Amino acid sequence: MKDTYRHKGLRKNLIEEIRSKGIDDEKVLEAMMKVPRHLFMDTSFIKYAYKDQAFPIGCGQTISQPYTVAFQTRLLDVRRHNKVLEVGTGSGYQTAVLIELGAKVYTIERQRELYMKSQSFLTSVGYKANFFYGDGYEGLPSYGPFDRILITAGATEIPEKLKSQLTVGGIMVIPLGDSNSQVMTRIVRINEEGFEKTEHGRFVFVPLLKGKSM
Ligand code: SAH
């Protein structure tokens, strides 16, 4: 499967749709224009790849809706060479968007099958990231601290271990709530002890689960 002119045309329309929904961060839109989302989807859903919707990727998980990816990425305010921890590799689509923004990405997935599949797929198409199979609640203490931390599953509380792996001046974006819906929350570490929290509307994610799964 290739990235054809037709795919690029569909992608351009999707980007314009996301822009019309209020995302005006050109760097984020440009990065998303570069990532061939159809290659990250299960064959049965490829024809819907450029719809602004979430779709199943196996193991009961989903590839996030493009608008949601754009929204989270914009809040994360990624700079080139930032060290970014992503919790929930899933299809690897968000990972690719972060790489296109020039980030050095560390990504954790708790489902072994998705971890294996996304690691091998991203590597095969030339996206270099550091992949980990494990529990994102724990973060990666021996690789931190991170300039940015992005959680792509809904959490009931802010994982304390992740807060402590954020640099001073660092930003975490995390959907917080129950299983029905979550509030997009942005946390900035203003000094060693202090964190500033802002809220940015409701979304629906698959749940952030403790421990790893086979
Ligand atoms: N960023 C992904 C979104 C995938 S959905 C994409 O673009 O496709 C969220 C993912 O988080 C799922 O794959 C799920 O298995 C994973 N997840 C849930 N809890 C986790 C945890 N504690 N640690 C790591 N990954 C987790």
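Mentor: Let us begin with Cys 59, which is placed in the loop between strand 1 (55-58) and strand 2. Please keep in mind that the model is predicted.

Trainee: What makes the phi of Cys 59 worth a remark?

Mentor: Its phi is positive, about 55°, although Cys 59 is not a glycine. Most residues other than glycine have a negative phi.

Trainee: Why is the peptide bond between Gly 144 and Pro 145 called cis?

Mentor: The omega of the bond that joins Gly 144 and Pro 145 is about -5°, and the bond is cis. Most peptide bonds are trans. Pro 145 belongs to the loop between strand 5 (130-133) and strand 6 (146-151).

Trainee: Turning to the ligand, which residues are the closest to it?

Mentor: The ligand is surrounded by 27 residues, and the closest are Ser 91, Glu 109, Asp 135, Gly 136 and Leu 209.

Trainee: What is the shell around the ligand made of, by class?

Mentor: By class, twelve residues of the shell are polar, eleven are nonpolar and four are charged. Strand 2 (61-63), strand 3 (83-87), helix 4 (93-100) and strand 4 (104-109) each contribute at least two residues to the shell. The largest share, three residues, comes from strand 2.

Trainee: What distances do Glu 86 and Arg 110 show?

Mentor: For Glu 86, a polar side-chain atom lies 3.3 Å from a nitrogen atom of the ligand. For Arg 110, a backbone N or O atom lies 3.3 Å from a nitrogen atom of the ligand. Both pairs therefore fall within the 3.5 Å limit. As for cover, the ligand has 580 Å² of accessible area on its own, and the protein covers 99% of this.

Trainee: Where does the ligand sit among the pockets?

Mentor: The space that the ligand takes is the largest pocket. A molecule is said to sit in a pocket if more than half of its atoms lie within 2 Å of the grid points of that pocket.

Trainee: How much space lies in the largest pocket, and which residues are the closest to its centre?

Mentor: The largest pocket holds about 470 Å³ of space. Its lining has 34 residues, of which Thr 62, Gly 88, Thr 152, Ala 153 and Val 206 are the closest to the centre. By class, the lining has 15 nonpolar, 15 polar and four charged residues. Strand 2 gives the most to this lining, with three residues.

Trainee: What can be said of the second largest pocket?

Mentor: Its volume is about 190 Å³. Helix 5 (residues 112-124) supplies the largest share of its lining, four residues. Among the lining residues are Leu 39, Phe 40, Ser 91, Leu 114 and Phe 121.

Trainee: Why is the space lined by Asp 25 and Lys 27, among others, called a cavity?

Mentor: In a cavity, a 1.4 Å probe fits but cannot get out, whereas a pocket is open. The largest cavity has a volume of about 50 Å³, and the count at 30 Å³ or more comes to one cavity. Its lining consists of Asp 25, Lys 27, Val 28, Thr 73, Asp 77, Val 78 and Leu 101. By class, three of these are nonpolar, one is polar and three are charged.

Conventions: Residues numbered from 1 in each chain as written. Predicted model: local features only at pLDDT ≥ 70, side-chain atom pairs only at ≥ 80, totals over all residues. Heavy atoms only, no water. Near = heavy atom within 4 Å. Polar contact = N/O pair within 3.5 Å; in protein donor to acceptor, adjacent residues only side chain to side chain. Areas by Shrake-Rupley, 256 points an atom, 1.4 Å probe, with all protein chains shown as cover. 1 Å grid on protein atoms, 1.4 Å probe; cavity = no way out; pocket = protein on both sides within 12 Å on 5 of 7 lines; lining within 4 Å. Nonpolar A, V, L, I, M, F, W, Y, C, P; charged D, E, K, R; others polar. Points joined across faces, edges and corners; volume = space filled by probe spheres on them.
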